Amino acid sequence: MSYLFGVDYYPEHWPKERWATDAAMMREMGISIVRMAEFSWAKWEPREGEFHFEDLDEAIEVLAREGIDCILGTPSAAPPAWIIRQDPEIEPMDARGLRRHFGGRHHDCQSNPVYRAHIRRFVTAFAAHYAKNPHVVGFQVDNELGNSHADLCYCPSCTARFQQWLKEKYGGIDALNRCWGTAFWSQQYDDFSQIDAPRQTASGYNPSQMLDWKCFCSDLVCDFHKWQADILRAAAPDKFITHNLMGFTEKVSYYDLGKQLDFASHDQYPGGHFRPRLDVPIADTLASELDFIRSLKNKPFWIMEQQSGITGWDTLGRTPRPGQIALWATQCIAHGADTVCFFRWRSCTFGTEQYWHGILPHNGEPGRYYREIKDFMHQTAPVLAELQGAMPKNEAGILFSYRQEYAIDIQPHHPQLRYLDHMKTYYSSLYRRNIGADFLPEDADFSPYRVLIAPLQFLMTKALSDKLHAYVEAGGTLVLDMRAGIKDEHDLAFDEGPLPGMLADLVGARLTEYDCLREMDGLVHWDGKEYPCHLWSDIMDLTTGEAVAVYDKAV
Ligand SMILES: [Zn+2]
């Protein structure tokens, strides 16, 4: 069965007497799937090993009477107070070595074995209880993995796990010393046990260590997800598993996480209060995220959380204008979403997200959001039903790599250079010309694409270089730019041959110098016109290449 529209619902926030009313209103709108339960561990297990799923069972039954199925989230993003009091080492540690405490969410270390034992006990009982319930059709592990974990976790458990990860990667400490260049600033290690998670230092960081740390953190999140997904799949093999991803967030590789999912899902908040400026058009940014989520599994995806009102925690975003929610949801569908769930059903009267508004306001009376979203569902349902499984056939590919992003963001070169911003300039150019694009990992098949845009190919391997060469030799058009072919996979600069190293013959030029355009812009002449250039300039001697544009004086 395919679900066209859904909603995120927290029945535990409301009196039971209201549930039937909510379910009937959902059905009238056109909702057939609901996600629940991902933050309510304390309610389902108030004391260790004492499970109370009765209320959740009842809510599922009430919804089922209206023909609505459920996805249940595991609640590991919010361990209850009794677990934290019992085992305080579960609380995560920040880069300064300080614990982050209970009282919000995501107050957990994902490597901690004591916490994993708590999760195993809960998720095993949870999965067994709902394995045979026909109205529970799928699971979501945790919530927005990687969110709130930007500078977490540097605790002793994660440090030990990082050491083990490094041991498996390098085999011996000599190899690590070589690949991290620890001869610099006397950073040599005698044993893996001397290596710390890269907490705040007195001054500076080792870029190779930071690259490994970021890759380790991504692997840890993937392991945390797999560890729960394995429990769920063993107990309930006929339920799907998806996850609510967040566009280009960088803490975890969605390519890796996506492999564990039956299909990808995405949370979309175009008018989010967390954006620095709300008056900047972001249609291209939203589109790029949707294209990326679709590209993860090269198939249609779900929107698990679609903004349906004002967003806000302590400060608020703008109210969606009339028709704007429908516009956002339509854009999602146009880029490959075949189910759209709106967040949330009703604005909560308490808690951190009091002002993260839902389809219904605090008082539960249907208003403009309800009417607009209901009209949207009724009008769009026939089209969306016809679009199920449909995929675009794009001829432009953008090589997006987490490793390149990590390496560039560790050493951005120019203070204003960010890997994502730079990549999106290419995407936006395609978007403005109505050219669809897929995002590709390094191990993707490049051959279906007429154009492959490969921004900031900073870290170069023989395997990637061979793939890029083969793509060009087969007739593909490859777009490379600055800082390509500079370093090896360990973030060490190549010490032989002219730049751009392995890519020099593809470019048909040697880079003799480069200039970081600090506090100035450059000027380029191209085809009789002048264009400004920002951030960086490479100075090249041509070998087999042909110049189509040349620098002029700085402006
Ligand atoms: Zn930790």
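Author: Begin with one atom pair: a polar atom of the Ser-401 side chain lies 3.2 Å from the backbone nitrogen of Arg-403. A polar contact is a pair of N or O atoms within 3.5 Å; within protein, one must be able to donate a hydrogen and the other to accept it, and residues adjacent in sequence count only if both atoms are side-chain atoms. The Ser-401 side chain also has a polar atom 3.1 Å from the backbone nitrogen of Gln-404.

Reader: What should I know about the origin of these values?

Author: The model is predicted, so to speak of local features requires pLDDT of at least 70 and side-chain atom pairs count only at pLDDT 80 or more, while totals for chains, interfaces and linings use all residues. Residues are numbered from 1 along each chain as its sequence is written, and side-chain values use heavy atoms, with hydrogens and water left out.

Reader: Where is Ser-401 found?

Author: Helices (H or I, at least four residues) and strands (E, at least two) are DSSP runs, numbered from the N terminus. Ser-401 sits in the loop between strand S10 (396–399) and helix H13 (402–410).

Reader: Is Ser-401 buried or exposed?

Author: Buried means under 20% relative accessible area, exposed over 50%, and partly exposed in between, with a 1.4 Å probe and protein chains only. Ser-401 has a relative accessible area of 5%, so it is buried. Contact means heavy atoms within 4.5 Å. Not counting residues up to four places away in sequence, Ser-401 touches Tyr-419 and Glu-442.

Reader: How do I read aromatic pairs, and how many does the structure hold?

Author: Rings of Phe, Tyr and Trp (its six-membered ring) pair if their centres lie within 6.5 Å; planes under 30 degrees apart count as stacked, over 60 as edge-to-face and the rest as tilted. The structure holds 47 aromatic pairs. In one of them, the ring centres of Trp-41 and Phe-122 are 5.3 Å apart and the planes are at 45°, so the pair is tilted. Trp-41 belongs to helix H2 (residues 41–44) and Phe-122 to helix H5 (residues 113–130), so this pair ties together parts 81 residues apart in sequence. Trp-41 and Phe-122 are both buried.

Reader: What are the values for the rings of Phe-400 and Tyr-419?

Author: Their centres are 5.8 Å apart with the planes at 45°, so the pair of Phe-400 and Tyr-419 is tilted. Phe-400 lies in the loop between S10 and H13, and Tyr-419 in helix H14 (residues 419–432), so the pair ties together parts that are 19 residues apart in sequence. Both Phe-400 and Tyr-419 are buried. They belong to one aromatic cluster, whose members include Phe-292, Tyr-402, Tyr-406 and Phe-439.

Reader: Phe-292 was in that list. How many residues of helix H10 are buried?

Author: H10 (residues 283–297) is mostly covered, with 12 of its 15 residues buried. Among them are Phe-292, Asp-284, Glu-289, Asp-291 and Arg-294. Just after H10, Asn-298 takes a positive phi of about 50°.

Reader: Which residues is Leu-211 in contact with?

Author: Leu-211 is found in helix H8 and counts as buried at 2% relative accessibility. Leaving aside neighbours within four places in sequence, its contacts include Arg-403, Tyr-406, Leu-459 and His-490.

Reader: How is empty space found?

Author: Rolling a probe the size of a water molecule over the atoms shows where empty space is left. On a 1 Å grid over the protein atoms alone, a cavity is a set of points where a 1.4 Å probe fits but cannot get out, and a pocket is an open set with protein on both sides within 12 Å along at least five of seven lines; lining residues have an atom within 4 Å of a point. Grid points are joined across faces, edges and corners, and a volume is the space filled by probe spheres set on the points.

Reader: How many cavities of 30 Å³ or more does the search find?

Author: It finds three in the whole structure. The largest holds about 90 Å³ of space, and its lining includes Asp-108, His-149, Cys-217 and Lys-251. Helix H8 (residues 207–235) gives the most to that lining, with three residues. For residue classes, Ala, Val, Leu, Ile, Met, Phe, Trp, Tyr, Cys and Pro count as nonpolar, Asp, Glu, Lys and Arg as charged, and the others, Gly among them, as polar. The lining of the largest cavity has seven nonpolar, two polar and two charged residues.

Reader: What volume does the largest pocket have?

Author: About 2200 Å³. The largest pocket is lined by 47 residues, of which Tyr-426, Leu-480, Asp-481, Met-482 and Trp-526 lie nearest its centre. H14 gives the most to this lining, with eight residues.
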